[in-house]
Structures are given as C-alpha cells and as structure tokens.
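Here's a quick walk through a protein model for anyone meeting it for the first time. Have a look at the sequence and the structure, then read on.

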Amino acid sequence: MFDGMNRRIVCMWFPRLASDRVLRGQALDAPFVLTLRQGNSDRLHCLNARAEAAGLHRGMSLADARAFCPNLVSRPARPEHDARFLAALRRWAMRYCPWVGLEGADGLVLDVTGAAHLWGGEGTMLADMRARAARAGLTLRLGLGGTRGAAWARAHYGEGEEPLEALPVAALRLDEAICTPLQRLGLRTIGDLSNTARAPLVRRFGPEVLLRLDQALGAVPEAVSPRSDPPHYGVRQTFPEPIGLVADVMAATARLLEALCHKLRQHEAGARRLMLTLRRVDQGSQQVELRLAAAMRDPARILPLFERGVAEVDAGFGIDQIRLEAIVVERLPARQHGFAPARHGAEQLNDLITRIGTRIGLENVLRFLPADSHIPERSFIIASAAYSAAESGWSCPRPRPLRLFPPEPVAGTGSRPPMRFRWRRMALETARATGPERIAPEWWLNDENWRVGLRDYWRVDTRQGRRLWLFHTPQNPGWFVQGEFA
C-alpha cells in the first residue's frame, strides 16, 4: 500500500484525437480539419499538422480557413465517435496500469504508482507509450508528475520533468478569463503565483486559483477515478470438430445459455434480445435472432425458443464456433419464486407471445389497453404486447358494443331510432331501443369526426337478431351505426 507521498501520475494528451482518428485509415498529404456547427457557421474543431502549419487554428470559421488555405480538406466532426475512440484508448492504456481514467475529451490520466518498474523504469515506460502511439498514427504528449495537476501541466505546456514553477499559469487548468488578468498583474508563471500573498488572490479571483495551485503542488489531494467498462453479455464456444446436427447445436446453445444467464443474474439484468451466431468451417456465418416478449434470464425458458431458428440454419460443411450475445438488456431485480401462480401465468403468456412473434414478428402481436377518454373510439389504445403490460383497470359504467367501427349512416328521422331501416343491404326492424346516452365531444381536441357536435347513443335490438349501437346527431340531424353487441 502507498500512503500517497510517492504517487506517480502520467497524463496522456492527444491534441489531435479527432483528426488522427479519421486519418488513421487513409493517408492524406494536405491540410485537413474537422468542423462543428456553432450558431450559423461552421468552425474548426480539430486540425492536423499541415493545417496548423498553414496558420489555421481551432475556433476559426471554415469560410476564413478556406480563404487562407484553398486546398483545405474538411469533414464534419463526430464527437460521439471520438468519445468511443477515447474509451478504446483507455482500455489500451490499462496495459501500463489498472488505474486509468479520462482527462477531459481528449486525454487520459494513469496512476502508475508502483507499476513503472514492470517496464524497466519510468523513462522506458514513457518511451513505449510514445512508440506505440506513433505506430497507431496518433499524436501524443506525455506528462509525468507526483500529482494529477503536475502531470496535466507538463503534458500540455512542456514534456519531461520541467519544474512547475517555470510553467505558465494556464498550466493550472484555469479559464482564460482568469489567466489574462493574472498575466496583466505580472503573475505569468506558477512560481510567481505561489510567491504571491494568498488572501488578495482569493478576494479578487475566488478560491479556484489557489485550489488548482495546491492540487498541482500536492497540498490538496486529487483522486484519479478509473472508469469501469460496462458488463459484456456475450459467450462463445469453439469445437475441436465441426458439428451440424440440430441436437448438437441446441446442446451447445444450452451450455452457453447457462453461462450467459449466470452473468445476467450477477448484474440483476435480463435479456430482451439475443443473437446466436454460428460460424461455419468455410468462414461463413449464420445468425439466429431471438426477440423476447419480456426480459428473461431463465435458460430453461429461453432454450426452447431457439429451436425454430436453429432448425432453419444451413450448417454447410459444419459449424466450428458458436457465439451467444445479449444485444438488448434490461434491469431485472431478483424476485422470490415458489408462491406466485399469477406470475407463472404471466411468464407462460410472455413465452407464447415470443413464440408467435418469431413467426409473424414481435411488433405484430398487439393488445388493447384502456385510455382515459369518454369518446368510444378513444377509450382504448393498441400497443405492442411485448413492450406493454396488461391492464386490469377496464371500467365502463354503460354497456359498450363488442365490435366498434367507423360510423355508417342509415336512413331515419326524429330523435328516436327508426322503426325500419337498412344497414349493409339488410332490412332491419327495431324491436326494442334503450337510451339515449348523450356523449359530448372533447372540445380541446381537433377531431373531424366529432365536428357535428353532440351524439345521442341508443342500444337497438332488431327482430332479425342484430343488436346495434346507433347514435343521433341533434345539431346536424342524422342517424349512424357505430357498433354491434354480441
């Protein structure tokens, strides 16, 4: 254990991270920049060495840059891609030490305390970092110090073991709005700042200046927080001899499911979408995708759902590797089992929805859910059964028809249902009419079907056996059929 007195911190700064990422796959012997849209203009975000040598700088408008450099090559920046690339570099930097964190959007910070001797010393380790970055086509500047602030200062304003007192005040990670007034007062270096009375600095510039100074000099500790990788839900198995029978593939899938579900249980998660990749000996591959109606981590329930997809796989000359990966994962806290018959029924329903979904598509399995509206056609919604929970809050103070369809006009006059009318080429005669039930439109919604105003609904039993739901529009007299009872 180290008591913090002999800490050694390395700061890895990639000043051209974005442009180096784009140019790694292609050689370009010309000024190159990446641009970001800011306001109404495109501004330079990252430049290669040729562009900087031409006098261009970050923050410059693209139009001005093209005026200075007509042969300039530009592309839009992708900050999200740069972030993923920096995350990959963080995993690569863990070869030097296990304690690696992010330093802004273009840097890494490594706590190499007690790890430098594994590389033959600090100098050898830093040389290896530079050599590997150069082979990868990355511009890298390194800083080494006893504190995080000192390592950052040397990486950005001078490499090696330069004394901190000789570096400018901007090396303390201060904003330009603070650095400029300090320089005007003659405080140009960290040494000038450390030899100045502290109280006047705090009164004029706030506590941030002294905090950054103390962090760089080691008076105030500053932790290096490593960023952990998210769990990867993927397992694979390679066979010494190719297999091709469905039973063999299912047996291997069962073994992989056990390992995958164990990892899911450890992280209290459940798989919602699984991908089974079967690699053949001819380097081709077949994929079986399984989309589940609910998050699961029970191998016994998931395995039978793969049978249909595995049976349709063309094994060719044999399969030598199987990979199973949970592509979409959801939180699934631990539950108590054994005394939940209702949950057992829900699991059976989810399995049924999954089986049907593998044939017709999971998005085509729908269910009705209640909606808060007194308008008949708006009293329910249709949702995907796999991505919604069943609702038991159906309540209807008045009877509603089993079938509901758009209003169909019928001939009739007066405010009571007609005694005889024709509907869908059928001559019907009213035997009994119950009503009316007046329903007013929702005035806050713009609905063309309800522009006629109020509706008076009647339940009409016909002598021919039809039980219809008719309504009358008093403001614009007319009769319509909208539903049919069982």
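Ala 219 sits in the loop that links α10 to β8 (234–243). This is a predicted model, and in it Ala 219 comes out as exposed, with a relative accessible area of 59%. Where does Ala 219 stand relative to Leu 454? The two are 235 residues apart in sequence, and their C-alpha atoms are 78 Å apart in space.

Just after α10 comes Gly 218, which takes a positive phi of about 95 degrees. As for α10 (208–217) itself, its buried residues are Val 209, Leu 210, Leu 213, Asp 214, Gln 215 and Ala 216. An α-helix has 3.6 residues a turn, so residues three or four places apart point the same way. The cover over the buried part of α10 includes α6, α7 (176–184), α8 (190–194) and α9 (198–205).

## A helix tucked inside

Now for α6, which runs over residues 148–157. Is this helix largely enclosed or open to the outside? Of its 10 residues, 9 are buried, so α6 is largely enclosed by the rest of the structure. The buried ones are Arg 148, Gly 149, Ala 150, Ala 151, Trp 152, Ala 153, Arg 154, Ala 155 and His 156.

What lies over them? The cover includes the strands β1 (9–13), β5, β6 and β7 (141–145), along with the helix α10.

## The whole chain

Stepping back, the protein chain has 14 helices and 19 strands. Its radius of gyration is 36 Å, well over the 23 Å that the globule rule gives for 486 residues, so the chain is more spread out than a compact globule. Along the principal axes, the C-alpha trace spans about 105 × 65 × 55 Å.

How much of the chain is buried? The share is 42% of the 486 residues. The protein chain exposes about 27000 Å², and carbon and sulfur atoms supply 53% of that area. Among contacts with a separation of 6 or more, 57% come from residues 24 or more positions apart. On the charge side, there are 66 positive and 52 negative charges, and their mean positions are 5 Å apart.

## Another exposed loop

Gly 104 lies in the loop between β5 (100–102) and β6 (107–111). With a relative accessible area of 55%, Gly 104 is exposed. Ile 322 is 218 residues away from Gly 104 along the chain, and the C-alpha atoms of the pair are separated by 39 Å.

Most residues other than glycine have a negative phi, and most peptide bonds are trans. With that in mind, a few spots deserve a look. Arg 173 isn't a glycine, yet its phi is positive, near 65 degrees. You'll find Arg 173 in the loop between α6 and α7, and it is buried, with a relative accessible area of 13%.

Arg 424 also has a positive phi, about 55 degrees, without being a glycine. It belongs to the loop between β15 (420–423) and β16. Arg 424 is partly exposed, at a relative accessible area of 41%. Then there's a cis peptide bond, from Gly 435 to Pro 436, with omega near 0 degrees. Pro 436 is part of strand β16 (residues 426–439).

## What about the cysteines?

How many disulfides does the structure hold? The count is 0. Take Cys 69: its closest cysteine sulfur, in Cys 46, is 15 Å away, which is too far for a bond. The cut-off for a disulfide is a pair of cysteine sulfur atoms within 2.5 Å.

Is Cys 69 buried or exposed? Cys 69 is buried, with a relative accessible area of 5%. Cys 261 counts as buried too, at 1% relative accessibility.

Conventions: Residues are numbered from 1 along each chain as its sequence is written. This is a predicted model: local features need pLDDT of at least 70, side-chain atom pairs count only at pLDDT 80 or more; totals for chains, interfaces and linings use all residues. Side-chain values use heavy atoms; hydrogens and water are left out. Helices (H or I, at least four residues) and strands (E, at least two) are DSSP runs, numbered from the N terminus. The radius of gyration is taken over C-alpha atoms; the globule rule is 2.2 Å times the number of residues to the power 0.38. Buried means under 20% relative accessible area, exposed over 50%, partly exposed in between (1.4 Å probe, protein chains only). Contact means heavy atoms within 4.5 Å. Accessible areas come from the Shrake-Rupley method with a 1.4 Å probe; for residues, only the protein chains shown count as cover. Lys and Arg count as positive and Asp and Glu as negative; His and the chain ends are not counted. The place of a charge is taken as NZ of Lys, CZ of Arg, CG of Asp or CD of Glu.
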